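Okay, thanks for coming, everyone. I'll walk you through one model today, starting with its pocket and then moving on to the sheet.

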Amino acid sequence: MAEESETTGIDNSNDKDLAANVENLSLANQKVEKQEAKKIDIVLHATGSAPILKQKKWSVDQEKPISAIVKFIHKYLKLDPEERLFLYINQTFAPSPDQIIKNLYECYGTNGKLILHYAKTQAWG
């Protein structure tokens with residue numbers, strides 16, 4: 001290789017640097033994809049007399065418990081601390097607060113999303 005570069009006058013060190021940069025870029029892209037894969041899209045729908053959220057779709061860390069979603073909605077809607085909030089999956093049952101979002105998504109997710117309904121009074125289940 002060294003002989004070829006001397007005879008042709010082409011410097012191969014730039015090619016090596018370019019190959020290293022491409023490899024580093026590829027590894028960086030894979031890291032970003034893995035970080036994005038750690039998020040799950042959830043869609044929140046109001047039920048009954050619950051206030052409607054302006055933004056319905058959220059990306060949430062897949063390792064969080066469902067209680068984190070309840071706390072988030074409670075805080076986002078600025079509900080009083082004594083007001084209760086009920087969360088339902090597929091309009092049928094209320095998951096336990098310690099359920100992990102990833103597990104619920106794997107069982108009940110549709111079209112790449114987990115659909116959750118929230119209410120201020122008990123609605124289903």
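So, a definition to begin with: on a 1 Å grid over the protein atoms alone, a pocket is an open set of points with protein on both sides within 12 Å along at least five of seven lines, a cavity is a set where a 1.4 Å probe fits but cannot get out, and lining residues have an atom within 4 Å of a point. What we're looking at is a predicted model, where local features need pLDDT of at least 70 and side-chain atom pairs need 80 or more, while totals for chains, interfaces and linings use all residues. Numbering starts from 1 along each chain as its sequence is written, and side-chain values use heavy atoms, with hydrogens and water left out.

Which residues line the largest pocket? They are Ile-66, Ser-67, Val-70, Lys-71, Leu-85, Phe-86, Leu-87, Ala-94, Pro-95, Ser-96 and Pro-97. By class that's eight nonpolar, two polar and one charged; here Ala, Val, Leu, Ile, Met, Phe, Trp, Tyr, Cys and Pro count as nonpolar, Asp, Glu, Lys and Arg as charged, and the others, Gly among them, as polar. The space in there is about 180 Å³, taken as what probe spheres set on the grid points fill, with points joined across faces, edges and corners.

α3 (66-76) and β3 (86-89) each give at least two lining residues, and α3 gives the most, with four. Those labels are DSSP runs numbered from the N terminus: helices are H or I, at least four residues, and strands are E, at least two.

Now the sheet. It's open, mixed, and has four strands in the order β2-β1-β4-β3; strands pair if DSSP finds at least two bridges between them. β2 (57-61) and β3 are the edges with a single partner strand each, so one side of each has no neighbour in the sheet. Neighbouring strands are turned by 40° on average, direction ignored.

Going through the pairs, β1 and β2 run antiparallel with five bridges, and Asp-41 sits opposite Ser-59 in β2. β1 and β4 are parallel, joined by six bridges, with Val-43 opposite Ile-115 in β4. β3 and β4 (residues 113-119) are antiparallel over four bridges.

Definitions and conventions
Axes are lines fitted to C-alpha atoms, for helices over the stretch in contact, and angles run from 0 to 180 degrees between N-to-C directions.
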